[in-house]
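Here's a quick briefing to read alongside the sequence and the 3D view. Keep both open and follow the topics one by one.

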Amino acid sequence: MNILSMQENNYLTELLRDRKLKVTSKRLEVLGVIKEHSSAISYSALQTSLHDFDRVTLYRTIHSLIENGIIHKALTEENETFYALCSTTCTSASHIHKHIHFKCVECNGVTCVESVHPIQLSIVGYSIENVEIEARGSCAACKN
Ligand SMILES: [Zn+2]
Ligand SMILES: [Zn+2]
Ligand SMILES: [Zn+2]
């Protein structure tokens with residue numbers, strides 16, 4: 001059972017309202033677990049933390065949070081998807097990301113990281129809103 005602090009609860013309630021989603025206990029619960037995690041969280045870890053969710057409810061809750069610019073899929077592998085909270089650049093209308101999804105091959109952790117040099121891609125005649133880059137290697141903790 002996940003118990004949110006009052007402060008945490010207020011923050012997540014505001015976030016849902018800001019992105020035009022109805023505040024429900026299910027959404028708060030899912031967001032609470034994702035936020036608690038310092039890195040991206042896998043679907044199976046999310047499922048383990050939320051005992052009172054059936055598959056459909058969890059799927060729908062995740063879907064609505066993605067649709068409204070609150071969380072995003074950080075990385076998808078064969079049997080696992082990782083989710084992370086969005087920053088304030090995302091809105092209920094669109095996701096705007098320009099960061100890297102880093103998968104550590106040693107601890108298997110997935111994190112959203114900013115590139116040291118801003119990522120700049122341009123294609124003649126196209127406008128780019130969202131860039132998805134996946135990188136693999138050793139994270140800062142495992143490197144040492
Ligand atoms: Zn986003
Ligand atoms: Zn690592
Ligand atoms: Zn990310």
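Leaving aside residues up to four places away in sequence, Ile 70 touches Leu 15, Arg 19, Leu 31, Leu 65 and Cys 86. Keep in mind that this is a predicted model.

**Around Ile 70**

- You'll find Ile 70 in the loop that links helix 4 to strand 2.
- Is Ile 70 buried or exposed? Ile 70 has 24 C-beta neighbours inside 10 Å, so it counts as buried, since 20 or more is what that label takes.
- For a sense of distance, look at Cys 112, which is 42 residues away from Ile 70 along the chain: the two C-alpha atoms are separated by 14 Å.

**The nonpolar core**

- The largest nonpolar core is made up of 21 residues.
- Which residues have the most contacts inside this core? They are Ala 40, Ile 71, Ala 74, Phe 82 and Tyr 83.
- Helix 1 (6-18), helix 2, helix 4, strand 2 and strand 3 are the elements that give two or more residues to this core.
- Ala 40 is worth a click: not counting residues up to four places away in sequence, Ala 40 touches Ala 74, Leu 75, Phe 82, Tyr 83, Ala 84, Val 110, Thr 111 and Cys 112.

**How the helices sit**

- Helix 2 (residues 25-36) and helix 4 (residues 55-67) pack with their axes 10 Å apart, at an angle of about 75°.
- Helix 2 and helix 4 are therefore roughly perpendicular to each other, a label that covers angles from 65 to 115 degrees.
- On the helix 2 side, Lys 26, Arg 27, Val 30 and Leu 31 make the contact, and helix 4 brings Thr 57, Thr 61, Ile 62 and Leu 65.
- Sorted by class, the contact between helix 2 and helix 4 has 4 nonpolar, 2 polar and 2 charged residues.

- Strand 1 pairs with strand 3 (residues 81-85) over 2 bridges, in the antiparallel sense.
- In that part of the sheet, Ile 41 has Tyr 83 of strand 3 as its bridge partner.

- Another 3 strands form an open sheet, in the order 5-4-6, and here the pairing is mixed.
- Strand 5 and strand 6 are the edge strands, each pairing on one side only.
- From one strand to the next, the twist averages 30°.
- Strand 4 (residues 100-104) and strand 5 (residues 110-113) run antiparallel and are joined by 4 bridges.
- Strand 4 and strand 6 (residues 133-137), by contrast, run parallel, with 5 bridges joining them.
- Phe 102 is a handy landmark: its bridge partner in strand 5 is Thr 111, and it stands opposite Ala 135 in strand 6.
- Lys 103 stands opposite Val 110 in strand 5.

**Loops with a positive phi**

- Strand 4 and strand 5 form a hairpin with 5 residues between them, and Asn 108 is in the turn.
- Phi of Asn 108 is near 65°, a positive value in a residue other than glycine.
- How many other C-beta atoms lie within 10 Å of Asn 108? There are 13, and Asn 108 is partly exposed.
- Where is Lys 20 found? Lys 20 is in the loop between helix 1 and helix 2.
- Lys 20 isn't a glycine either, yet it has a positive phi of about 60°.
- Lys 20 has 11 other C-beta atoms within 10 Å, so it is exposed, as 12 or fewer is the cut-off for that class.

Technical notes:
Residues numbered from 1 in each chain as written. Chains lettered and ligands numbered in written order. Predicted model: local features only at pLDDT ≥ 70, side-chain atom pairs only at ≥ 80, totals over all residues. Pairing = 2+ DSSP bridges. Axes fitted to C-alpha atoms, helices over the stretch in contact; angles between N-to-C directions. Parallel < 35°, antiparallel > 145°, perpendicular 65-115°, else oblique. Contact = placed C-beta atoms within 7 Å. Nonpolar A, V, L, I, M, F, W, Y, C, P; charged D, E, K, R; others polar. Core = buried A, V, L, I, M, F, W, Y, C linked by C-beta atoms within 7 Å.
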